[in-house]
Amino acid sequence: MINAVQSHFDERASYYDDYRRHMIPNFDEYYSIGVDALACTKADPRVLDLGSGTGLSTLYLLKRFPSARVTLFDFSEEMLSVARERFRDNPSIDFVIGDYRSIALTGPFDVVISGLSIHHLSFTEKQELTNKVYDLLVPAGEFLNTDLARGENKPLEQEMHRRLEGFMRENMSEDQIQRFKDSQDMDIPVSIAEHFELMGKAGFRTVDCLYRYWIYGVFYGQK
């Protein structure tokens, strides 16, 4: 599964940002609302971006924290190549290639962010990673997971997918839409309640859903 996911992102690295904008409604709000809600007051917080891809989540984080020291962590060399070019003039950004399920990370971090990445893991792997994130954070540190949210009600979830497909048809070809549907075979989304469960079991004292629109959610935890 992981090899398939890696190949999927390697192949889409050059056009990933445009691709995402055409499949996520309220794109700018989706990526910024969590960052805007962070309680962190440091001018230069230490931040870890898990499954960073091309650096989209970091791009929005830097709008609020331009002096942040960020580590972008991803297993796709192609994605990180795009991120390196994007942040080529920023000396406060580091890049790490690897699988965050197995590589030991060092902290502490003030904030850990992740954008549309963790849903590829099994539930057990999600819990193990969430536990690891908790351990990497400073006291009162924050975890911001911008990811998929599975519906609790099957008919309503199908309606959300129908609406999303209608949105994508405004800017994407039938072939692109079909490739998106095919890629969902690699997704293992969990519900809002399960997102809360993952963070609660890891030890986060404050847990919330900051945003939900169709299949997309923004989940927050504070240590």
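**Exercise 1. Find which residues line the largest pocket, then sort them by type.**

*Solution.* Start with the list: L148, A149, R150, K154, E157, Q158, H161, Q184, D187, P189 and I215 form the lining. A quick word on terms: on a 1 Å grid over the protein atoms alone, a pocket is an open set of points where a 1.4 Å probe fits, with protein on both sides within 12 Å along at least five of seven lines, and lining residues have an atom within 4 Å of a point.

Before going on, note that this is a predicted model, where local features need pLDDT of at least 70 and side-chain atom pairs count only at pLDDT 80 or more, while totals for chains, interfaces and linings use all residues. Residues are numbered from 1 along each chain as its sequence is written, and side-chain values use heavy atoms, with hydrogens and water left out.

Next, sort the lining: four residues are nonpolar, three polar and four charged. Here Ala, Val, Leu, Ile, Met, Phe, Trp, Tyr, Cys and Pro count as nonpolar, Asp, Glu, Lys and Arg as charged, and the others, Gly among them, as polar.

Then look at where they sit: helix α7 (residues 154-168) gives the largest share, four residues. Last, the size: the volume is about 220 Å³.

**Exercise 2. Work out which residues of helix α5 are buried, and where they lie around its axis.**

*Solution.* Helix α5 spans residues 77-86, and its buried residues are M79, L80 and A83. Looking down the axis of α5, you'd see these buried residues fall within an arc of 90°, so they line one face of the helix. Buried means under 20% relative accessible area, exposed means over 50%, and partly exposed is in between (1.4 Å probe, protein chains only).

**Exercise 3. Pick out some salt bridges and say how exposed the partners are.**

*Solution.* A salt bridge here is a side-chain nitrogen of Lys or Arg within 4 Å of a carboxyl oxygen of Asp or Glu. The whole structure has 15 of them.

- E197 pairs with K201, closest N and O atoms 3.0 Å apart. Both sit in helix α9 (residues 192-202), four residues apart, about one turn of the helix. E197 is partly exposed at 32%, and K201 is exposed at 58%.
- R101 pairs with D99 at 2.6 Å. R101 is partly exposed at 35%, whereas D99 is buried at 17%.
- E85 pairs with R88 at 2.9 Å. E85 is partly exposed at 46%, and R88 is exposed at 56%.

To finish, find the network: salt bridges link E165, R169, E174 and K181.

Notes: Helices (H or I, at least four residues) and strands (E, at least two) are DSSP runs, numbered from the N terminus. The arc is that of the directions from the helix axis to the C-beta atoms. Grid points are joined across faces, edges and corners, and a volume is the space filled by probe spheres set on the points.
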